[in-house]
Every structure is written in C-alpha cells, then in structure tokens.
Amino acid sequence: MEHVAVTIVRSRKSRVLAMGFAMCPLGFVFGFINTAIPILLAAQNVSVHVIANVSVIAFLPTSLGFLLCPILDVRFTRRFYIIACALLSGLTLAAAVMEYRHLILFTALSTVSCTGAVFYGNALGAWQVDALHSDDFGWLGTWTNIGNLGAAGTFGSLAVHLIRWLPLPLAAGLLGAIILLPLVLLVIFPAPIIPHRTAADTFRTLFRDIYLLLRQPACLLGLAAFLLPCSCFALSNLFSGLGADFNAPESYVANISGIGVAIACSLGTLLGGVLCSRYSRGVVYVAIGLGGAACAIGMMLTPHTVMVFTVGMLAYSFFQGVNFTAFTSFMLDLTGKHNPLAATQIAVLTAAANVPILYMAFFDGHAHDRYGLNAMFAVDAGASIAAAALLLYLFRKFHIGKGPLTQPDAVIAAS
C-alpha cells in the first residue's frame, strides 16, 4: 500500500509539473518581444520611440485577446485549440524572424504570434482547471511562472544568437519548432471532452453569464483585486530606468535587472507555492502587495546608493515572484471546475490584472518626473497599501478565503 501511495503522489506531482511547464510557449513569445525585438531593431538603427511602439503593438493581444477568447469554449476540445494556437504562434514567429528587416510586416507577424500564444495560454489554463485537483493550484502557479520566467529569459537571448550565427531560414525554423516542444508534456493527459455549446450560444449569453458570475461575492471581489493596484508591482517596469537616480552604472543595471531579477522572481514563486498551498490564494495575492510597498518605502527612506538600489529591486522582485504564483492560483480558483466559459473567464481576469500595471506605471512615472524619486515611491506604496487594506477588509466581511471558492473536486465531472 505504501508503494502504491508513493506512486500516486509522484504521478500527481508529475502531472502538476507537466501542466506548469507546458505554459512555456507563452514565455517564449514574451521573451522574443521583450528581448529579441529591441536588439534586432536597434541594430538597424531604429529609434527607441519606434521600438517602443512595436513592442506595445505586439503586446496588445495580452489586453484585448479576451474579446475573441469565447471561441476557445466551443465546438472543439481544449487540446485541439492548444495545438492549433501553438502552431499559429510558432509559424508566425518563424515568419517574423524571416522578415525582421521589414518593420511593418515584422510587427504584424509578431503581433499574430503573440495572439496565438495568448490564446494558447488561455486554452491551457482552462484545461488545467479540470485536469488537476484544486489543492494543486498553488504549486501549479509556481511551476507555471518558473517555466515562463526561464522560457522568456532563454528564448529571447537564444533568438538573437541563432539569427546572428545561422542562415536565417534555419534560425527561423528552429525558433518556431521550439515553441511547439512543450506540447509533448501534454500527452500524459486524457483528451478533454468536446463542449456542447456553439459559438452563437457562447457569444449570445456571454454578458448574461458574466453578470451571473459577478453576483457571486468571491468572483466580484476577485475581479476588484485584479483591477485595483493592491498587488500590481508596476515599479518593475521602471526600475531599469532608475540607475541614474542611484548612481548605478548602465552595465550594472542591465545585469541586475536581467539575471538578478529572474533569480529573485523564481525564488519568490517557490515561496508562493508554499503559501498558496496553505492559505487562501486571494488573501495571499492581495497581502503580498504589502511586501512590494515595504520595499518602495524602504528605498524612499534610505540613501540612494547602488547597494540600496540592488537590495530594493531584488526584494521587490522576490515579492513579485510570490505575486505571480498567487495570481495564477487565485485565477484558477475563481474560474472553478466544469466552467463552460473557463477560457473566456481566464482571459478576462488576465486582462483585468494588466489594467493597474498600466495606470500605475503612468502615475508613478508622472510623479517621478514632476516631484522626484521619493514621490514616485510614495505614490506606488500608498496606492498598494490603501487598496490592500480595503480588499482585506472586504474579504473578511464576506468571508472570502474561509472555504472553497468553487465546488469541491469530488462532485465535478471532468471536462
């Protein structure tokens, strides 16, 4: 019996690992946009302003993809959509590499590749909810984010090296094929059933279903948690531009904001797995933003030296890693099992979580340029503390986190 129990545990852990690292294609494409695109365009003397515009356009599907994601909830199985979206993303990224010297076509192909990757992530997330036990969502969030961080970091750098070292068609083919490799991890899972809803049914009842969903206090407060700046960690998008404020050399900033931040985030995701396996995922998601606020306050109150910059940014990134895991786990909790709109709901919640990152980055940057570095830290920390305090009060008032957000696994049929 003991041997059988150990085998079951190992199998369960393997399934969580497989589902987590199967999300790597999303990280591959994000790494290409974040790292490879700026380097490839800068080498052609494209201005920073134009590079920024290309990156913004390429990333638009992360915020707008939910408008089309209902198609992932109809007619075909999750596995079909996962394979189709991976193929779309891989083929268009390969085509983008072939056309990287033609700015408009390169931008369009990169955007389509990102669309495929976003749809892939939403379809896989919807399958994860039903394929795994809800007790595993905490560690699933950990391995998903570690896989994404590693995938983004390695693929962006690898893309540049392959394009420089190999004939362009060979480099493009290899990079497109790499995006498809994680699909192998999904062969151990039985195929999900075909949904009964049609596309017309899904789009016709979409807003009604969302309204019924938002009548549940847990889901309504979950959406509020994603829209409010309690745990958005917007400073992570600005740190690499603050080197001069701390007298840090450019090369040092590049190294610490790259490798250093990736390591700190990965360690944070591990702690996130522990916390989300023991405590309410919604509470962890909201409360961990207070750690980021503490880092901002600490950097505001201490001398602006290279050491403070290093410790502050790495600590902030560590808490952000916890946040990554908590977000994934909380989002899956809110989605629930046997949800016919699972892919749509995941897309909506992910888009909602991107909103405070955008507006807080704007307010933080404005405060820095208008009133200085300390004002920026004060604005960011103050917004996080105020939002977290409000949400934690509401969570307690409505007993969010006192029990399961969705129905128990035992009474839900696989889908």
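The protein has 16 helices and 0 strands, and what you see above is a predicted model. Of its 415 residues, 50% count as buried. Among contacts with a separation of 6 or more, 86% join residues 24 or more positions apart.

**Helix α14 and its partner α13**

- Helix α13 covers residues 289–301, while helix α14 covers residues 306–335.
- The axes of α13 and α14 come within 8 Å and cross at roughly 170 degrees.
- That angle makes α13 roughly antiparallel to α14, since angles over 145 degrees count as roughly antiparallel.
- On the α13 side, the contact is made by Gly291, Gly292, Cys295 and Met299.
- On the α14 side, Val308, Phe309, Gly312, Met313, Ala315, Tyr316 and Phe319 take part.
- Sorted by class, this contact has 8 nonpolar residues, 3 polar ones and no charged ones.

**The salt bridge**

- How many salt bridges does a search of the whole structure find? The search finds 1.
- The salt bridge joins the side chains of Arg281 and Asp333, at 3.2 Å from N to O.
- Arg281 lies in helix α12 (residues 281–287) and Asp333 in helix α14, so the pair ties together parts that are 52 residues apart in sequence.
- Are the two partners buried or exposed? Arg281 is buried, with a relative accessible area of 9%, and Asp333 is buried too, at 11%; both values count as buried because the cut-off is under 20%.

- Thr328 is found in helix α14 and is buried, with a relative accessible area of 9%.
- Which backbone oxygen lies 3.1 Å from a polar atom of the Thr328 side chain? That oxygen belongs to Phe324.
- Setting aside residues up to four places away in sequence, Thr328 touches Gly141 and Asn145.
- Gln320 is also found in helix α14, and at 9% relative accessibility it counts as buried.
- Leaving out neighbours within four places in sequence, Gln320 is in contact with Phe233, Ser236 and Cys265.
- Phe233, one of these contacts of Gln320, leads on to the next topic.

**The loop between α10 and α11**

- Helix α10 spans residues 217–227 and helix α11 spans residues 250–278, with Phe233 in the loop between them.
- Asn247 has its place in the loop between α10 and α11 as well.
- Phe233 is not a glycine, yet its phi is positive, near 50 degrees.
- Asn247 is not a glycine either, and its phi is positive at about 60 degrees.
- Which is buried and which is exposed, Phe233 or Asn247? Phe233 is buried, with a relative accessible area of 4%, whereas Asn247 is exposed, with a relative accessible area of 63%.

**To take away**

Technical notes: Residues are numbered from 1 along each chain as its sequence is written. This is a predicted model: local features need pLDDT of at least 70, side-chain atom pairs count only at pLDDT 80 or more; totals for chains, interfaces and linings use all residues. Side-chain values use heavy atoms; hydrogens and water are left out. A salt bridge is a side-chain nitrogen of Lys or Arg within 4 Å of a carboxyl oxygen of Asp or Glu. Helices (H or I, at least four residues) and strands (E, at least two) are DSSP runs, numbered from the N terminus. Buried means under 20% relative accessible area, exposed over 50%, partly exposed in between (1.4 Å probe, protein chains only). Axes are lines fitted to C-alpha atoms, for helices over the stretch in contact, and angles run from 0 to 180 degrees between N-to-C directions. Angles under 35 degrees count as roughly parallel, over 145 as roughly antiparallel, 65 to 115 as roughly perpendicular and the rest as oblique. Contact means heavy atoms within 4.5 Å. Ala, Val, Leu, Ile, Met, Phe, Trp, Tyr, Cys and Pro count as nonpolar, Asp, Glu, Lys and Arg as charged, and the others, Gly among them, as polar. A polar contact is a pair of N or O atoms within 3.5 Å; within protein, one must be able to donate a hydrogen and the other to accept it, and residues adjacent in sequence count only if both atoms are side-chain atoms.
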